[in-house]
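Got your viewer open and ready? Load the model, and let's walk through it one selection at a time.

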Amino acid sequence: MKTVSFKNDILPLKNVLYRLALRITLNHEDAEDIVQDTLIRVWNRREEWEQIESIEAYALTIARNLALDKLKRADKKNVALETNTDAQEAQVNNPYDRIIQQDRLQMVRKLVDGLPEKQRSCMQLRDFEGKPYKDIAAILGITEEQVKVNIFRARQSVRQQLKAAEEYGL
């Protein structure tokens, strides 16, 4: 029988939950609220932890659903993500190259933010969180094939739009 500990098994998920919520809501404060609500909901179901196959998938599913609910309620315009790119900037010594890299990163973020929610969630969980297709399918409530299709379409869309922007200087 497996033993699930809030401190050891659930609390370490807060960063993954935050990134998923942020990718969906595109708002730092909303993402933080969603993480708190998710942890509270998981804690309130602690008697059932032993029966849950994957506590991580369970928590991510709750966070995703809360984020989607918040989007539906707020019905607000998306705001671009803000992240720290110091590590990437340190690799580029030339100021011109650094500016180009920052602009490209900002454009990619904007393109990913503009993707449909399901594609954005699939891409976040696969490319940024490194989750296997099976887990993503369980979290999002879709088949593995649908996950693969959504990721393919998301990547293709970002690639095409980035290429078009770079070719035409948009």
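Here is a tour from the whole chain down to single residues.

**Before you click**

This is a predicted model, where local features need pLDDT of at least 70, side-chain atom pairs count only at pLDDT 80 or more, and totals for chains, interfaces and linings use all residues. Residues are numbered from 1 along each chain as its sequence is written, and side-chain values use heavy atoms, with hydrogens and water left out.

**Stop 1: the whole chain**

Select everything and switch to cartoon view. Going along the sequence, the pattern reads α-α-α-α-α-α-α-α-α.

Of the 170 residues in the chain, 37% are buried. Buried means under 20% relative accessible area, exposed means over 50%, and partly exposed is in between, using a 1.4 Å probe and protein chains only. Now think about contacts, meaning heavy atoms within 4.5 Å. Among the chain's contacts with a separation of 6 or more, 66% join residues 24 or more positions apart.

**Stop 2: colour by confidence**

Colour by pLDDT, the predictor's confidence in each residue, from 0 to 100. The chain averages 83, and 86% of the residues score at least 70.

**Stop 3**

A quick tip for the helix pairs: two packed helices are described by the angle between their axes and the distance between the axes. The axes are lines fitted to C-alpha atoms, for helices over the stretch in contact, and the angles run from 0 to 180 degrees between N-to-C directions.

Select helix α2 (residues 14–25) together with α3: their axes come within 8 Å and cross at roughly 135°. That makes α2 oblique to α3. Angles under 35 degrees count as roughly parallel, over 145 as roughly antiparallel, 65 to 115 as roughly perpendicular, and the rest as oblique. The crossing of α2 past α3 is right-handed. A crossing is right-handed if the near helix is turned clockwise from the far one by less than a right angle, and left-handed if anticlockwise.

Show side chains at the contact: among them are L17, Y18 and L22 from α2, and I34, V35 and L39 from α3. By class, this contact has 8 nonpolar, 3 polar and 3 charged residues. Nonpolar covers Ala, Val, Leu, Ile, Met, Phe, Trp, Tyr, Cys and Pro; charged covers Asp, Glu, Lys and Arg; the others, Gly among them, are polar.

Now click L26, in the loop between α2 and α3. Its phi is near 60°, a positive value in a residue other than glycine. Is L26 buried or exposed? L26 is buried, with a relative accessible area of 3%.

**Stop 3: N65 in α4**

Jump to N65 in helix α4 (residues 55–74). N65 is partly exposed, with a relative accessible area of 35%. Draw a C-alpha to C-alpha line from N65 to I34: the two are 31 residues apart in sequence and 9.5 Å apart in space.

**Stop 4: α6 and α9**

Select helix α6 (residues 95–113) and helix α9 (residues 144–168), whose axes come within 10 Å and cross at roughly 135°. That makes α6 oblique to α9, and the crossing is right-handed. Here R104, M107, V108, L111 and V112 in α6 meet V158, Q161, L162, A165 and E166 in α9. These residues divide into 7 nonpolar, 1 polar and 2 charged.

**Stop 5: α7 and α8**

Finish with helix α7 (residues 117–128) and helix α8 (residues 133–140), with axes that come within 10 Å and cross at roughly 140°. The α7 and α8 crossing is right-handed. In α7, S121, C122, L125 and R126 meet Y133, I136, I139 and L140 of α8.

Conventions
Helices (H or I, at least four residues) and strands (E, at least two) are DSSP runs, numbered from the N terminus.
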